[in-house]
Amino acid sequence: MYSIQHHSLNISRAAFTRGESTHPYISAFGAQLFLSADPSDVRKALKAGFAAATILPSSAAPLAEVNPKQLRIAFDGDAVLFSDESERIYRRDGLDAFESNEILAAKQPLPGGPFKNFLAMLHQIQLDSLGNISPIRTALITARGAPAHERVIRTLRAWNTSALMKRYSWVERTKANS
């Protein structure tokens with residue numbers, strides 16, 4: 001509670017649970033994202049239909065260009081930012097069917113996944129940031145390569161969040177790494 005005041009955070013609600021899981025309170029708090037260091041709590045929140053992620057300690061060595069006051073968030077694409085419709089095609093019918101589907105649907109934005117609303121909120125924070133340095137930096141890490149990447153880029157543009165994703169990491173999807 002004192003940290004909330006000390007850092008002038010706009011937090012008006014808290015749950016004191018005696019160490020019990022807090023995922024049952026997600027809806028009551030109107031939260032868009034549930035973060036926990038407990039993977040079991042994250043699984044329960046996901047099962048209940050909420051966007052959730054496990055917080056992991058950073059093992060990366062500090063980089064010279066990293067701003068220590070900047071939160072960095074990396075998103076997966078399919079079934080995270082985007083719906084799992086394309087991922088289901090890939091799993092059911094294979095890589096060729098996935099790529100054919102993505103070529104045919106390249107101009108149709110992907111439906112949103114469980115983290116789309118969270119991404120939109122981060123984008124608004126970035127837009128509201130004073131100066132050039134946002135307190136939040138985001139990235140998209142995806143296994144989509146050419147030609148499936150076109151649909152991702154068009155989707156982010158349709159959501160008006162393309163500027164938010166300045167870095168893409170493409171990992172070639174093959175039978176060996178899927």
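This is a predicted model: local features need pLDDT of at least 70, side-chain atom pairs count only at pLDDT 80 or more; totals for chains, interfaces and linings use all residues.
On the H4 side, the contact is made by Ser86, Ile89, Tyr90 and Asp93, while H5 brings Leu95, Ala97, Phe98, Asn101 and Glu102 to it.

**Entry on the whole chain**

I stepped back to the protein chain, whose secondary structure comes to 7 helices and 5 strands. Reading from the N terminus on, I listed the elements in the order α-α-β-α-β-β-α-α-α-β-α-β. The chain has 178 residues, and buried residues make up 31% of them. I also looked at contacts between residues at least 6 apart in sequence, and I noted that 64% of these join residues at least 24 apart.

**Entry on H4**

Which residues of H4 are buried? I found Ser86, Glu87, Ile89 and Tyr90. Around the axis these residues cover an arc of only 160°, so they sit on the same side of H4. When I turned to the face pointing away from this buried side, I found the exposed residues Arg91 and Arg92 there. The buried residues of H4 pack against two helices, H5 and H7.

**Entry on H5**

I next took H5, which spans residues 95-104, and its buried residues are Leu95, Phe98 and Glu102. Looking down the axis of H5, I saw that these buried residues fall within an arc of 60°, and therefore they line one face of the helix. On the other side of H5, I noted Asp96, Ile103 and Leu104 as exposed. What do the buried residues of H5 pack against? They pack against helix H4, residues 85-93, and helix H7, residues 149-158.

**Entry on His123**

I moved on to His123, which lies in helix H6, residues 116-128. Is His123 buried or exposed? Its relative accessible area is 12%, and because the cut-off for buried is under 20%, I recorded His123 as buried. I then checked the polar surroundings of its side chain, and I found that the backbone oxygen of Asn160 lies 3.0 Å from a polar atom of the His123 side chain.

**Entry on Ser134**

My last stop was Ser134, which is found in the loop between H6 and strand S4, the strand of residues 136-142. Its relative accessible area is 13%, so by the cut-off of under 20% I recorded Ser134 as buried too. Which residues does Ser134 touch, not counting those up to four places away in sequence? I listed Gln70, Gln126 and Ser129. I also looked up Asn67, which is 67 residues away from Ser134 along the chain, and I wrote down that the C-alpha atoms of these two residues are separated by 10.0 Å.

Technical notes:
Residues are numbered from 1 along each chain as its sequence is written. Side-chain values use heavy atoms; hydrogens and water are left out. Buried means under 20% relative accessible area, exposed over 50%, partly exposed in between (1.4 Å probe, protein chains only). Helices (H or I, at least four residues) and strands (E, at least two) are DSSP runs, numbered from the N terminus. The arc is that of the directions from the helix axis to the C-beta atoms. Contact means heavy atoms within 4.5 Å. A polar contact is a pair of N or O atoms within 3.5 Å; within protein, one must be able to donate a hydrogen and the other to accept it, and residues adjacent in sequence count only if both atoms are side-chain atoms.
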